Every structure is written in structure tokens, then in C-alpha cells.
Amino acid sequence: MEIRTAESKDYVEIAKLSKYFFPVHNIFQKTSKEVMKYLGSESMKSKLIICTKDDKVLAACFIVTTDKNFDGTHMRWKLMHFCYYHESAAILLLRESEKIIKKSSKTAKIALTIAENEKALIFFKKEGYIQEGELKNHYRHGETSYILGKTFNSKENITR
């Protein structure tokens, strides 16, 4: 499997994957053409990386910088629209995302907001992300979303 930055030629497959992985997500319920337009627009602002095998997209996510302190020694990030067909591809994609983030500053924080019905919730908890908050009725009424977090320091030790 290969991890690389997505190109516009990958958007068709990323749209299919996203629609499959997020069946109730507002953006991914739109037409494939609208989703591909969204992917292109977001790719101009944030890095979209994918895990592929034999030219098939198996996992994808945006790596998004949300904020940094005054001197840039601490940065906050999110992994947006993290989706996958296979957990093995998801693990590779997560490792590469974390590697990119770790290199960005002396310390870094990844915060994710994941709805209770998303299978990525269990995946991220298995990968060391800690539940730091709970949001009622956040994305949809009657649904709880969870804030998960993981922090890294420059020595690549994980702190919780």
C-alpha cells in the first residue's frame, strides 16, 4: 500500500469512499459531482492524503491546521473526513498523518469530533485517542458526538 497526496484524478474514488463511509453526513449525501467539487475546494486549503493499492483508494483524510501559538512551537490539528474501506489502510494513513503533524512543531494536538454511529470512533480509541468531551445534538438532533484527542511532543512521546 502507498500513502500519497491526493490528485484531482483521485476525487471520483475518494467521493465513492466518503459516501460509503459517511452515509448520513451532510456533505456526502450530495451528488458525486458536488462531493468532488467539495474535495477540490478543500484540497486548496488543507492537505488531502490517501492510501492506495493498485490505484484503488482504500483510505483518505484531510490534515487540517486549526491554530498555533504565538511562536509556532505548539500547533492544533484535526483529521477531517477520515474514512476507509479497510482498517489496515486506515492504520497506515493514520501513522502517516501523525508523522506529518509531529514534524510541524515542538508539540502538537490532534482533536477529532466523531459522531456516535461512525465506526472510526472505535478505531481511533484503539489507536490511543482519548475521549475528552461529549456533544449532544451536535451534527444531528438526538445524536451524540465525541471529541477525541491525542498530543505529541518533539521527542515523539505521546502524552494524554
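Predicted model: local features only at pLDDT ≥ 70, side-chain atom pairs only at ≥ 80, totals over all residues.
Residues are numbered from 1 along each chain as its sequence is written, and side-chain values use heavy atoms, without hydrogens and water.

**View 1. Overall fold of the protein.** Four helices and eight strands make up the secondary structure, where helices (H or I, at least four residues) and strands (E, at least two) are DSSP runs numbered from the N terminus. Along the sequence, their pattern is β-α-α-β-β-β-α-β-α-β-β-β. The C-alpha atoms fill a box of roughly 40 × 40 × 30 Å along the principal axes. Of the 160 residues, 44% count as buried, meaning under 20% relative accessible area (1.4 Å probe, protein chains only).

View 2. The 12 residues of α2 (residues 32-43) should span 16 Å at 1.5 Å a residue, and the end C-alpha atoms are 16 Å apart, which agrees; the expected span is 1.5 Å times one less than the number of residues. Val35, Tyr38, Leu39, Gly40 and Glu42 are the buried residues of α2. Their cover includes α1 (11-21), β3 (56-68) and β4.

**View 3. Lining of the largest pocket.** A pocket is an open set of points on a 1 Å grid over the protein atoms alone, where a 1.4 Å probe fits, with protein on both sides within 12 Å along at least five of seven lines; lining residues have an atom within 4 Å of a point. Of the 18 lining residues, Leu79, Met80, His81, Thr113 and Tyr139 are the closest to the centre of the largest pocket. The largest share of the lining, five residues, comes from β4.

Technical notes. Buried < 20%, exposed > 50% of the residue type's maximum accessible area, 1.4 Å probe, protein only. Contact = heavy atoms within 4.5 Å.
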